[in-house]
Amino acid sequence: MAVQREATTGQMPTKPAPWNDPRIRSLFIQAVTIVVIVGFIAYIAHNTASNLARQGIAGGFDFLNYTAGFGISFSLIPYSEVSTYGNALLTGLLNTFLVAICGIVLATIVGFVVGLARLSSNFLVAKLAYAYVEMLRNIPLLLQLIFWYVVVLSALPTPRESLSFLDAFFLNNRGLTVPRPILEDGIGFLVVGVVIAIAAVVFMTRWAKRRRDATGQPFPTVLASLAVLVLVPIAAFLVSGAPLEFEIPTASRFRLDGGLNLVPEFVALLFGLSLYTGAFIAEIVRAGILSVGKGQVEAASALGLKPGQTSRLVVIPQALRVIVPPLTSQYLNLTKNSSLAVAIGYPDLVSVGGTVLNQTGQAIEVVTIWMIVYVSLSLLTSLFMNWYNRKIALVER
Amino acid sequence: MATQTENIPFNAGDSLPPPAATTGVVGWVRQNLFSSPFNALLTLAALYLLWLTVPPALNWLIFDATFTGDTPEACAATTGACWSYVNARAGQIFFGFYPPDERWRILVALIILVAAFVPFFVRTFEAKLSYAVGLLIVYPIIAYILFAGGAFGLEAVPTRDWGGLFLTLVIAGVGITASLPLGILLALGRRSEMPVVRILCVTFIELVRGVPLITVLFMASVMLPLFLPPGVNFDKLLRALVGFSLFSAAYMAEVVRGGLQAMPKGQYEAASALGLSYWQSMGLIILPQALRMVIPGIVNTFIGLFKDTTLVIIIGLFDFLNATQSGTNDANWIGRSMEAYAFAAMIYWVFCFAMSRYSIHLENKLNRGRQH
């Protein structure tokens, strides 16, 4: 560069003063930033170390092996007061996963139904969906959760007079009682069956696409995949001697026996999270479908596609391109919002972690565990999103 | 034109009026509610749902409700809502434990704020930007002196006495004013050409956005004291405010980044062709356009922030929601939690809905500007 400039202008450019040379200035700024940050961290670390030493708290994760000594109202794994802090945190983590997964499924259903209802040609249905969205998303989630927990669940009948559904699901002010799955030996066959079914579907989809590209012959991929996904695991299940049974709760005079009791805190959190997130998903779905131009639908029907084919082959694939990225971040939001559990006493990771933190004073370790769990969840989500985006992105030539 | 129409022979009696079933109320009902059997079914279901929910709700909220009085006895005969609860608790709901004799200070600060906003609506006022920056610097000082007191002969009111809607608005206001500039800096840092600055900003944004707000608040309330030298004590409210502002700054940064990415490269090139420095080109060319583009996103972040202020309950601050519901523990008002939550929900709803309408209004206005 310098040589070229010399040649064209015929004279040496005046060398800029060091503080005016962008390269030197940028190096200087970065060096100062590093020094400030490192100094700041060192200062904080020094303060923290001396504060912890003064309070007599030893750092490190040894505390995970100590006996916790507190009870947890709802647990998917065996847990009692003599379990360790590590077990308590694991219980909380599983509780977070349970409510997040159930919430994501429910919120997606609510969101798609309400989102489609907002586009309905039926005036009343569209306006009702609009009212739902505007009401739910403009009221703080915490208020809604407390409302479900305090007002609605306490207004439910006592276990004696539970609302029952199919004589297997019972709802009362002690929560929701559902059939409890009992796993027996041979359940591995079912897992193998599911894996085989998924592999078969992947293989079939690829084959169907190749054949369609080559011959133009359509293949009912969706129906066939559904059939494979349902039939193969059922076959595996029956072959291995039906190793899964359900313990159906039975109503006696004063209480419910058996079954899996989901505590009121879980029910309130699940309801609140799904209805709230559903309102946001509804808007995403609506925007996605509206983003597909009217001309696309007209072109599809001009080609002679039936309405069902139009939405399956033309509208939905293009709408999903717009829907999936924000939908994924709503799932992430729901998972993070499940931490509001602490306000109504559902023992999720943050709530249990808070108790552990108060008992042991291991603030740094507990916060680190929170960070690792939630940040890795969101990194996994964004990895998935980027992969999916690349896969479905519009290929422009 | 008039002569032309006269030339065309036209006899109104020749054509039939449109069928009654496609015009007027009947036509509308037919088209929008009963266009097909399925639609008719949906309409009936919706009507049934409305009939199930709306009359009981209205009865409870308004027709059977008691609005007067501020004692539990006033509601003895009511089957509807007992708004006397809100009357009785109004002081705490709006001001927390702020001394009643000093509450005028909050109102004065509010009046000053409203008055200070008037110039923004004066069309001939040119220096809006510098006025806004000045306001941003001066108003917090005035407000702080008024709220906290301890100077100019005002009685000192410690922040632990702050509460109610007042506290909620303070948290939201500080969060909003701190997160916007911080978010802009983080967004610029994320697009910086200096790797050290970029990595720092990316790490901060992704870490903060990856965790729930509650854990950030826990961190602010539990870990901040650990980070400080012994003896230095941070006010509890200040700790919450720091956590809050950092959290929303990370979200704001992503919104602003969207605007920066949407700017055509030519704008950056034109700015440097004019010989503007980095800060000049950002401040005069890029940011004004980029921010205008993402106003809806910014307002949405504000709405989220306003709703999230409720989480300070968890670290023990007496915000609006906390103040409204805490009175239901009072033995006299047992069983009035429905009123408390309904009232709180209405207030939050009004604030958030107004903000979202304003954002839609701005979006339309800006779109109109871009169309011609």
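Buried area is the accessible area, taken with a 1.4 Å probe, that two parts lose on being put together, summed over both. The exercises below concern a predicted model.

**Exercise 1. Determine how much area chain A and chain B bury between them, and which residues of chain A supply the leading share.**

Solution. Step one is the total: the two chains bury about 4,400 Å² between them, and 75% of this lies on carbon and sulfur atoms. Step two is the share by residue: Leu124(A), Asn138(A) and Leu143(A) supply 13% of the area that chain A buries against chain B, more than any other three residues. Step three turns to contacts, where 50 residues of chain A meet 52 residues of chain B.

**Exercise 2. Identify the salt bridge across the interface of chain A and chain B, and state which helix of chain A gives the most to the side that touches chain B.**

Solution. The rule finds one salt bridge across this interface. Glu134(A) pairs with Arg357(B), and their closest N and O atoms are 3.6 Å apart, which is within the cut-off of 4 Å. The interface also holds 14 residue pairs in polar contact, both residues being at pLDDT 80 or more. Several helices of chain A each supply at least two residues to the side that touches chain B, among them α4 (123-137), α5 (141-155) and α8 (264-290). The most comes from α2(A), with 14 residues.

**Exercise 3. Classify the aromatic pair of Phe63(A) and Tyr85(A), and explain what the pair ties together.**

Solution. The centres of the two rings are 6.2 Å apart and the planes stand at 50°. Phe63(A) lies in the loop between α2 (22-55) and α3 (85-118), while Tyr85(A) belongs to helix α3, so the pair ties together parts of chain A that are 22 residues apart in sequence. Both residues are buried: Phe63(A) has a relative accessible area of 2%, and Tyr85(A) has 7%.

**Exercise 4. Classify the pair of Tyr278(B) and Trp279(B), and state whether each residue is buried, partly exposed or exposed.**

Solution. With ring centres 5.1 Å apart and planes at 80°, the pair is edge-to-face, because the angle is over 60 degrees. Tyr278(B) is partly exposed at 40% relative accessibility, whereas Trp279(B), at 55%, is exposed.

Note on methods
Residues are numbered from 1 along each chain as its sequence is written. Chains are lettered from A and ligands numbered from 1 in the order in which they are written. This is a predicted model: local features need pLDDT of at least 70, side-chain atom pairs count only at pLDDT 80 or more; totals for chains, interfaces and linings use all residues. Side-chain values use heavy atoms; hydrogens and water are left out. Rings of Phe, Tyr and Trp (its six-membered ring) pair if their centres lie within 6.5 Å; planes under 30 degrees apart count as stacked, over 60 as edge-to-face and the rest as tilted. Helices (H or I, at least four residues) and strands (E, at least two) are DSSP runs, numbered from the N terminus. Buried means under 20% relative accessible area, exposed over 50%, partly exposed in between (1.4 Å probe, protein chains only). Contact means heavy atoms within 4.5 Å. A salt bridge is a side-chain nitrogen of Lys or Arg within 4 Å of a carboxyl oxygen of Asp or Glu. A polar contact is a pair of N or O atoms within 3.5 Å; within protein, one must be able to donate a hydrogen and the other to accept it, and residues adjacent in sequence count only if both atoms are side-chain atoms.
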